[in-house]
Structures are given as structure tokens and as C-alpha cells.
Amino acid sequence: MAEALNDLKKKYKVHEETESYFKLRTENGNNKPYYEMSNFDEARIQKEEIAKQFGGEVEFEGSVKDFTVPSPYVKDGVRITVYRSKNCALVVAPSVFVYFHGGGNVVGSRKTVDTVCKIFSRDAPCVVVNVEYRCGPEHKYPANHEDAVCVVRWVKMNKGLIGAVNESTVGVGGDSAGGRLAASVCHEEYNINYQVLVYPSLDYRRKFNSDKEFEKGPVLSSEVLQWFNRNYINEADFEKPRASPLLYKSFNRCPPALIIMAELDMNRDHGYAYHEKLKEAGVKSQTFTVKGVTHGFFVMPGHFKECCQRAHEKVSKFIKANS
């Protein structure tokens, strides 16, 4: 991890919040790569411990409720957490923002994005739906896509139940693997009003310059990606548009997009390429690249205070504009 960070510093100006983040992880012993762990429980526990340590606490007044979304694919349904801040009462029709956590389709959970969901509900303001979709290796591709589409359809039919109104717009978003889920949903569900994609993974073929440049990155690396892929998707599915949204043939029915990238990230050029596809199709799209940070920063505002504030303000402003 330290070696990878030093390599980045030879070419880029690494943000001080990034440097201190990796220093703290090393000091706390939370720097073991997933592919060296003995089991999936260990990997998932580390992911949640890092989220707890660096996600921080946020002032939030409002309701936080759990629901179960009926699904033809999941016997016990898909679990979601709905955040409705008191600020939602200040707008006539608060938007509904459905959020999908990251974690390579293997680790991560609602817990790992709890803080950012509260921030968006408070600051947009909007009703945020935090989705506990199925992950590999227990549930491989396309299980989490089925869950994502199922939840979005349910949300559109149950706005009143979760604290919105019939006139409320519905948007989707997510970070990393969750960003890919959000992008794919927009190609399957056409009555979505906006999408927020945070350093999304959008092409399993991994042919972009950033894929090569940062293949030894301190967070997302080629070895980590191989571990994720082995436990989630078969190589034969790499070129299916649902798995690699950049391969969809048509983009003209997609909603307006905000795409946030980390400068020092394998997924960086995926976001730029998707932005160009959207623009070519006549879809409004904007990008925002946070300098000097690596993959994962967006959901850790307790540590990346300056970097997250700038990115989160962009998201809240974008949701307001599409509410």
C-alpha cells in the first residue's frame, strides 16, 4: 500500500487527506488486501470497520426506517433503509434518491454508506433509499442487477409509503460497483429523472489508460479486481451491456447524469467515456474530478473532509436541480 502510494507521488500531487488515510490504515492494521484474506466474512468485516472508522458521524434529524421490498428473485425480499430528513418538509415534493453501495459486488453493505445517505437526505434535501442488494460469491451476476431494478420499480409505485409524494422525481446513484448498477438501471427503467455515478466501474474489458496506469493502485488494483471478478462474474459475461454499461448501443433515453471521478483511480477513464457517450446521445451530463484522491474516498467524509465536502455539495446541488 505504501509502495503504491509512493509511486503515485512521482507523477501526481497526492492530497494530504489521502496520505493521512493510508498512514492511519497501516497503523491500525486495516490494510490487508482482500485476496489475502482467509474468508469472505473477514473481507466484509474489514470493509465495515474502515467505513465506521473513516465514515464519521453526521448530524441528522428525521426518520430512518427499514423496509423489505417484495421480489420474485428473493424469497425474503430485498432489504432497504429509507432516510427522510426533517428538511424534506421544506419542499413540496422531495425527490427520491435510490443509492447502491460499492464493494466490488462482493463486500460492502448498507452500513458502509450510512453517513453519505444521511448527508444527501439532509442537504438535498431528499428521501434516500439505501439498498442491501445480493452479492457474490453467494449470489453471482446478475443477481444484484435484478435487485436494483426490483427496488427502483417498487419505489416508483410506493413513493407515499416512504415519505415522498406522487410528484416526486426519482433518481439513482451509487459508488464503484454501485455506480455500475445505477447506470445499468437507467437503461432498463426509462422513467428515472437523474443518475449520480461515483467512480463507476463501467467496462469489464478494462482497456482504458487509467486501467493500466493505476493497476497497482493502493485501493483498487488489478489483483483486487481479479478477486472481485472470480467471486462475482464469469468472463463470458464481461461483454454483456448489463455488466459493462459502456457497451449499450443506445443512450438517448438515459436521464441527466453527474459523474464523479477520483483522479488516482483505475475507474477514472470509465467515467469520462460514459460522459462522452451520454453527450453524443444528447443527454445532459457533467463530470467532476476530485484531484489527489484514490478510489473509495467518497463514502468516508469523516476523514476526507475537504474532498468529500466538494463532491457531496455537487451531488446535493444536482439532486436539487432535478427535483
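**Reading the labels on a predicted model**

User: Why is F40 called partly exposed?

Analyst: F40 has a relative accessible area of 25%. Buried means under 20%, exposed means over 50%, and partly exposed is in between (1.4 Å probe, protein chains only). The value 25% falls in between, so F40 is partly exposed.

User: What kind of model is this, and how are its residues numbered?

Analyst: It is a predicted model, numbered from 1 along each chain as its sequence is written, and its side-chain values use heavy atoms, without hydrogens and water. Local features need pLDDT of at least 70 and side-chain atom pairs count only at pLDDT 80 or more, while totals for chains, interfaces and linings use all residues.

User: Which parts of the chain does the pair of F40 and W227 tie together?

Analyst: F40 is in helix α3 (residues 40-55), and W227 is in helix α8 (residues 222-230). The pair therefore ties together parts that are 187 residues apart in sequence. Helices (H or I, at least four residues) and strands (E, at least two) are DSSP runs, numbered from the N terminus.

User: Is W227 buried or exposed?

Analyst: W227 is buried, at a relative accessible area of 8%. W227 also pairs with F228, with 5.6 Å between centres and 55° between planes, which is tilted again. Both W227 and F228 are buried.

User: What makes R253 count as lying over the ring of Y190?

Analyst: R253 lies over the face of Y190, at 3.6 Å from the ring centre. The rule asks for NZ of Lys or CZ of Arg within 6 Å of the ring centre and within 35 degrees of the ring normal.

User: What is a nonpolar core, and which residues touch the most other members of the largest one?

Analyst: A nonpolar core is a set of buried Ala, Val, Leu, Ile, Met, Phe, Trp, Tyr and Cys residues joined through side-chain atoms within 4.5 Å. The largest core has 60 residues, and F97, F228, I260, F297 and F298 touch the most other members. Helix α10 (residues 305-321) gives the largest share, six residues. A second, separate core has 45 residues, including I162, V172, M261 and V283.

User: How many salt bridges are there, and why does the pair of E213 and K11 count as one?

Analyst: The count is 24 salt bridges. The closest N and O atoms of E213 and K11 are 2.9 Å apart. A salt bridge needs a side-chain nitrogen of Lys or Arg within 4 Å of a carboxyl oxygen of Asp or Glu, so this pair qualifies. E213 is in helix α7 (residues 209-213) and K11 is in the loop between α1 (2-9) and α2 (16-28), so the bridge ties together parts that are 202 residues apart in sequence. K11 is exposed at 60%, and E213 is partly exposed at 31%.

User: Which other residue bridges to E213?

Analyst: R268 meets E213 in a salt bridge at 3.5 Å, N to O. R268 is in helix α9 (residues 268-280), so this pair ties together parts that are 55 residues apart in sequence. R268 counts as buried, at 12% relative accessibility. Bridges that share partners join K11, E213, R268 and D269 into one network.

User: How do you know that the buried residues of α1 are on the same side?

Analyst: The buried residues of α1 are A4, L5 and L8. They cover an arc of only 100° around the axis, which puts them on the same side of α1. That arc is taken from the directions from the helix axis to the C-beta atoms. A2 and E3 are exposed on the other side of α1.

User: Why is V290 called buried, and what does V290 touch?

Analyst: V290 is in strand β8. Its relative accessible area is 0%, so V290 is buried. Contact means heavy atoms within 4.5 Å. V290 touches residues including I260, M261, F297 and A311, not counting residues up to four places away in sequence.

Terms used: Phe/Tyr/Trp six-rings, centres within 6.5 Å; stacked < 30°, edge-to-face > 60°.
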